[in-house]
Amino acid sequence: MRLACLALLLVGSWAGAALAQPAPGFDAVTAAIRAGTYQQVTSVLVERGGKLVYEQYFDDGGAEALRNTRSATKTITGMLVGAAVDRGLLTSQSRILSYFPDRQPLQNPDPRKAQITVEDFLTMSSLLECDDENSFSRGNEERMYLVEDWVRFALDLPIKGFPDWQPKPAQSPYGRAWSYCTAGPTTLGAVLERATKQSVPAFAQATLFGPLGVTTAKWQSQPLGTAMTGGGLELTSRDLMKFGQLYLDGGRWAGRQVISQDWVRRSVTPHANAREDTDYGYLWWLQTFHIGDRAVKTWGMYGTGGNKLYVLPDQEAVVVVTTTNYSVSGAGALTDKLFTTLIFPALLGD
């Protein structure tokens with residue numbers, strides 16, 4: 001495939017920016033990606049202090065191409081839940097089952113299912129036996145894709161067990177036992193539909209995409225027609241970056257409070273521990289990278305293939321990396337390596 005590399009190195013505002021010569025540090029980013037060191041990276045964008053300082057595309061699509069954000073979509077789902085909460089249409093403590101009387105009776109009945117909340121799905125810590133990182137899990141997402149009703153799939157799951165060698169929620173950091181479960185955020189799409197009485201794309205356009213100026217977005221659909229809020233939303237790289245900038249600015253965009261500051265704060269507050277150096281907020285990865293002698297705090301939107309957006313609150317920066325490394329082993333770690341070894345030093349001018 002012909003590699004068309006469109007370089008737009010910009011210094012200036014989102015509305016318009018003057019062309020600039022690439023900084024030496026970012027030259028190294030470009031060269032490494034062109035050399036194939038990071039496999040099939042399709043775009044890298046870096047913003048600092050509200051200005052786009054690096055933008056480069058490594059495929060034929062360029063700036064106008066819609067790129068599959070994969071599971072980074074989940075973080076946008078959390079933003080839409082926040083928009084509904086801000087409007088009094090939902091609360092983080094709303095009970096999931098209360099929205100689905102038509103799905104009852106459930107398989108594997110258990111009174112604890114009635115206590116599962118929106119927040120439990122936002123934090124990947126419901127008591128449902130659901131773990132995409134365990135191929136034996138009843139709730140593994142690959143099993144969900146085989147059936148028609150993805151909401152019923154989630155609600156019918158059994159309650160997970162905690163043998164002695166696994167910490168119970170009360171023994172876990174923040175009082176929650178975390179496991180990565182796409183079925184939860186997917187079900188939140190149906191909750192949003194019923195709480196807002198709108199389709200997810202319509203609600204998103206009215207409350208989030210419209211205010212940010214996101215005009216080209218493509219949602220995937222579940223078999224029964226609800227938008228797939230667990231992954232697959234297609235956006236341009238520039239539009240994806242806007243969501244990071246929105247949270248960096250406390251929910252404000254162009255002088256307007258799009259998402260409440262309170263929801264932003266709650267979203268990037270740790271609610272569960274995912275792994276070493278990584279906590280989890282409301283569908284945000286809260287990861288600390290150790291780069292040289294620095295502990296670099298980030299808020300992340302992560303998707304399969306190493307598609308990632310990093311918000312660096314201390315550096316007032318946002319980084320977007322998109323790829324098609326879907327079949328590359330360790331693709332997420334590969335993007336992290338690009339971020340830590342080349343992008344972050346270039347951002348700081350090291």
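**Reading the features**

A: Let us begin with a charge placed over a ring: the charged end of K308 sits over the ring of Y302, 4.0 Å from its centre. The model is a predicted one.

Q: Which aromatic cluster includes Y302?

A: Y302 belongs to one cluster together with W178, Y180, Y280, W285, F289, Y310, F339 and F344.

Q: How many aromatic pairs does the count come to?

A: Two rings are taken as a pair when their centres lie within 6.5 Å. The count by this rule is 17 aromatic pairs. One of them joins Y180 and W285, with 5.8 Å from centre to centre and 25 degrees between the planes. Planes under 30 degrees apart count as stacked, so this pair is classed as stacked.

Q: Which parts of the chain does the pair of Y180 and W285 tie together?

A: Y180 is in the loop between α5 and α6, whereas W285 is in strand β12, which covers residues 285–291. The pair therefore ties together parts that are 105 residues apart in sequence.

Q: Are Y180 and W285 buried or exposed?

A: A residue is called buried when its relative accessible area is under 20%. Y180 is buried, because its relative accessible area is 10%. W285, with a value of 7%, is buried as well.

Q: How many disulfides does the structure hold, and which residues form the link?

A: In general, a disulfide is a covalent bond between the sulfur atoms of two cysteines. This structure holds one disulfide. C130 and C181 form it, and their sulfur atoms are 2.1 Å apart. The two residues come from distant parts of the chain, 51 residues apart. C130 is in the loop between α3 (118–122) and α4 (141–144), while C181 is in the loop between α5 (150–155) and α6 (183–196). Both cysteines, C130 and C181, are buried.

Q: What is the handedness of the link between C130 and C181?

A: The link is right-handed, with 85 degrees about the S-S bond.

Q: What span does helix α2 reach from its first C-alpha to its last?

A: An α-helix has 3.6 residues a turn, so residues three or four places apart point the same way. Helix α2, residues 73–86, has 14 residues and reaches 20 Å, close to the 20 Å expected at 1.5 Å a residue.

Q: How many of the residues of α2 are buried, and which residue with a positive phi follows the helix?

A: Of the 14 residues of α2, 13 are buried, so the helix is largely enclosed by the rest of the structure. G88 follows α2, and its phi is positive, near 75 degrees.

Key. Residues numbered from 1 in each chain as written. Predicted model: local features only at pLDDT ≥ 70, side-chain atom pairs only at ≥ 80, totals over all residues. Heavy atoms only, no water. Disulfide = S-S within 2.5 Å. Helix = DSSP H or I, 4+ residues; strand = E, 2+ residues; numbered from the N terminus. Buried < 20%, exposed > 50% of the residue type's maximum accessible area, 1.4 Å probe, protein only. Phe/Tyr/Trp six-rings, centres within 6.5 Å; stacked < 30°, edge-to-face > 60°. Lys NZ or Arg CZ within 6 Å of the ring centre and 35° of its normal. Expected span 1.5 Å × (residues − 1).
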